[in-house]
Amino acid sequence: MTKISVIMPVYNTEKYVWEAIESILIQSFKDFEFVIVDDCSTDKSYDICKEYADRDDRIKLFRNEKNMWVVKTRNRLFENISQETKYIAILDADDVSIIYRLEKEFQFLESNLDYSIVWSNLIIINEEWEVIWTRSYPKDNIEVWKIISRKSPLAQPSAMIRKSSLAKVGTYNEEFERCQDYELWFRFYDEWFKLWNIQDALLRYRVFSEQGKSKYLKLSIKNTIKIQEKYIYTKKYFNILNIIHLYLEKLLLILPNSLILWLFKILEYRK
């Protein structure tokens with residue numbers, strides 16, 4: 001049985017992808033497969049991935065025939081994991097997993113069979129590997145309930161998901177080119193699956209000008225609003241504060257990107 005499938009979409013991240021791959025190959029936990037799908041990169045990203053795949057048979061490398069964008073690529077990753085896999089660990093091609101990330105997340109899910117997702121806090125780094133911020137997330141379902149109607153309650157690239165639970169809620173909704181993870185977490189929470197944040201920082205999350213959050217900022221905001229409108233008018237999430245927050249988010253669409261990013265860093269990151 002393959003205990004963990006690590007999945008990673010790749011698109012034009014030649015400067016960072018080797019670090020992401022290395023961070024998995026040197027993990028203290030060794031019993032995994034590493035599934036990578038390249039979305040028709042136009043730089044050397046695929047060639048770098050192939051060099052690693054040729055040297056390590058734990059890597060299963062695929063390439064899309066045409067550019068499919070990230071949400072369809074993420075779903076293709078799910079389609080190519082081993083049937084015997086117990087857990088799915090998500091990684092993005094510009095981030096770096098701490099050496100004991102898989103071991104800690106695996107041990108938690110093995111010891112807590114009633115939990116479906118485990119994730120961690122983040123160390124925020126820049127293009128030069130400088131630590132510039134940290135970001136913390138809610139610990140459990142009670143804390144998740146307090147914020148899920150206003151923002152994503154967990155960090156996708158640090159998450160490990162129980163495969164049997166994912167089979168019940170389904171994979172990413174391809175209606176959302178950005179923030180597809182946020183909509184998925186709503187579905188997990190709606191099914192009352194138990195979620196847990198280890199509270200350690202198990203991922204170095206890189207921020208830079210060309211990452212998706214920066215390049216497609218307004219689209220991310222629009223999708224966030226669309227996802228929230230899908231849920232917060234239901235009985236489970238409805239309250240006046242959530243409605244006010246939704247309309248304040250809509251005002252962000254008239255602000256320049258630089259100001260929005262500055263506000264995000266002030267509110268979400270800390271030294």
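## Helices H1 and H2

In this predicted model, helix H1 (residues 17–25) and helix H2 (residues 45–55) have axes that come within 10 Å and cross at roughly 25°. An angle under 35 degrees counts as roughly parallel, and H1 and H2 are therefore roughly parallel to each other. Their crossing is right-handed.

On the H1 side, the contact is made by Val17, Trp18, Ile21, Glu22 and Leu25, and H2 brings Ser45, Ile48, Cys49 and Tyr52. Sorted by class, the contact of H1 with H2 has 7 nonpolar residues, 1 polar and 1 charged.

## The nonpolar core

Ile21 turns up again in the largest nonpolar core, which has 78 residues. Along with Ile4, Val6, Met8, Phe34, Ile117 and Phe188, Ile21 is among those that touch the most other members. As background, nonpolar side chains in soluble globular proteins tend to be buried together.

Setting aside neighbours within four places in sequence, Val6 is in contact with Ile24, Phe32, Glu33, Phe34, Val35, Ala89, Leu91 and Leu102.

## Helices H3 and H7

Helix H3 (residues 69–79) has Val71, Thr73, Arg74, Asn75, Leu77 and Phe78 buried. Their cover includes strands E1 (4–10), E2 (32–38) and E4 (87–90), together with helices H6 (163–169) and H7 (180–190).

H7 is itself mostly covered, with 10 of its 11 residues buried. Among these buried residues are the charged Asp181, Glu183 and Arg187, as well as Phe188, one of the core residues named above. Just after H7, Trp192 takes a positive phi of about 65°.

## Helices H9 and H10

Lys218, Ile221, Thr224, Ile225, Gln228 and Glu229 of H9 make the contact with Leu246, Glu249, Lys250 and Leu252 of H10. By class, the contact of H9 with H10 has 4 nonpolar, 2 polar and 4 charged residues.

The loop between H9 and H10 holds Asn239. Asn239 counts as partly exposed because its relative accessibility is 28%.

Notes. Residues numbered from 1 in each chain as written. Predicted model: local features only at pLDDT ≥ 70, side-chain atom pairs only at ≥ 80, totals over all residues. Heavy atoms only, no water. Contact = heavy atoms within 4.5 Å. Helix = DSSP H or I, 4+ residues; strand = E, 2+ residues; numbered from the N terminus. Core = buried A, V, L, I, M, F, W, Y, C linked by side-chain atoms within 4.5 Å. Buried < 20%, exposed > 50% of the residue type's maximum accessible area, 1.4 Å probe, protein only. Axes fitted to C-alpha atoms, helices over the stretch in contact; angles between N-to-C directions. Parallel < 35°, antiparallel > 145°, perpendicular 65-115°, else oblique. Left-handed = near helix turned anticlockwise from the far one by under 90°.
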